[in-house]
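Trainee: Could you take me through the side-chain contacts around the aromatic rings, one by one? I would like to see which contacts are there and how each one is defined.

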Amino acid sequence: RTADDIADEGDASTAQRLQDLADYRADLHTIATGAAPSARWAKGFVPLAAILRSHQLPVPLLDDLLSAFAQDVAKTAAAAGYADRAELLDYCRRSANPVGRLLLHLYGVHTPQALAQSDAICTALQLINFWQDLSVDLPRGRFYLTDADCAAHGVQRADLLALCSTQQGTSQTTQLIAESAGWARASMTKGSQLVHQLPGRAGWELRLVVQGGLRILDKVDALRGASLHTRARIRAWDAPVMLARALLM
């Protein structure tokens, strides 16, 4: 949370954000060796050091998260996007997948199949967040609709920004968003069987996470491209639908 705030919150310059993240990363590697962190983030790193030791958490997964935060800062500052899905998936591998793998580690689940399914779910959740937040991210200079996908539909970044402000859409942008949502749905479906490998409450919580993501995609699809200017949201009346679908899993 702290590292994410360094990357996103406040009015620090790009250079300062990147330096702070580098310093934060250095403290992570310091505690991984058993040494004391700097005083700046000791409140978080001292207890984390104890958890690293007691649960043998894989430090490279935490390091991946920090590298993704730094990439977001640099990409946003340059108003740079992602060339293709492979590049975006590499970002998801570091920004989202480590969370699922850390949770599986805590539950003692380490099979290759479970790790692959976790990656598919976490990647899907990251993609869903992108397609849900187009109206927020695009004006901030964050372009997650890949250049290759945009080109395949004859869409330019300038078109996306213009449509955000005019609250309109085109058949090309509608199809672009629908196809991107379909990609996220396929990834979620690919990983969904993981719910049967987690015990008790964890398995049920994951069922609701999966169904929450799929429900957001339902709403993105229903907007028919209008997610460029309208954010899809889960409402109270969506809960019975999600619960019913979770039970059917």
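Mentor: Happy to. Let's start with charges and rings: a charge sits over a ring if NZ of Lys or CZ of Arg is within 6 Å of the ring centre and within 35 degrees of the ring normal. The charged end of R157 meets this over the ring of F143, at 5.0 Å from its centre. R85 does likewise over the face of W183, 4.2 Å from the ring centre.

Before we go on, a word on the basis. This is a predicted model, in which local features need pLDDT of at least 70 and side-chain atom pairs count only at pLDDT 80 or more, while totals for chains, interfaces and linings use all residues. Residues are numbered from 1 along each chain as its sequence is written, and side-chain values use heavy atoms, with hydrogens and water left out.

Now the rings themselves. Rings of Phe, Tyr and Trp (its six-membered ring) pair if their centres lie within 6.5 Å; planes under 30 degrees apart count as stacked, over 60 as edge-to-face and the rest as tilted. By this rule there are 8 aromatic pairs. One of them is the tilted pair of Y82 and Y91, with 5.8 Å centre to centre and 50 degrees between the planes. Y82 also pairs with Y144, this time stacked, at 6.0 Å centre to centre and 25 degrees between the planes. That pair links distant parts of the chain, 62 residues apart: Y82 is in the loop between helix 4 (59–77) and helix 5 (85–95), and Y144 in the loop between helix 8 (134–137) and helix 9 (147–152). Helices here (H or I, at least four residues) and strands (E, at least two) are DSSP runs, numbered from the N terminus. Y82, Y91, F130, W131 and Y144 form one aromatic cluster.

How accessible are these tyrosines? Buried means under 20% relative accessible area, exposed over 50%, and partly exposed in between (1.4 Å probe, protein chains only). Y82 is buried at 1%, Y91 is buried at 4%, and Y144 is buried as well.

Back to R85, which also takes part in a salt bridge (a side-chain nitrogen of Lys or Arg within 4 Å of a carboxyl oxygen of Asp or Glu). The partner of R85 is D149, with 3.0 Å from N to O. This bridge too joins distant parts of the chain, from R85 in helix 5 to D149 in helix 9, 64 residues apart. R85 is partly exposed at 25%, whereas D149 is buried at 10%.

D90 is partly exposed at 31%, and R94 is buried at 8%. Over the whole structure, the search finds 22 salt bridges.

One last check concerns cysteines. With a disulfide taken as a pair of cysteine sulfur atoms within 2.5 Å, the whole structure has 0 disulfides. C92 is buried at 0%, and its sulfur is 10.0 Å from the closest cysteine sulfur, in C122, which is too far for a bond.
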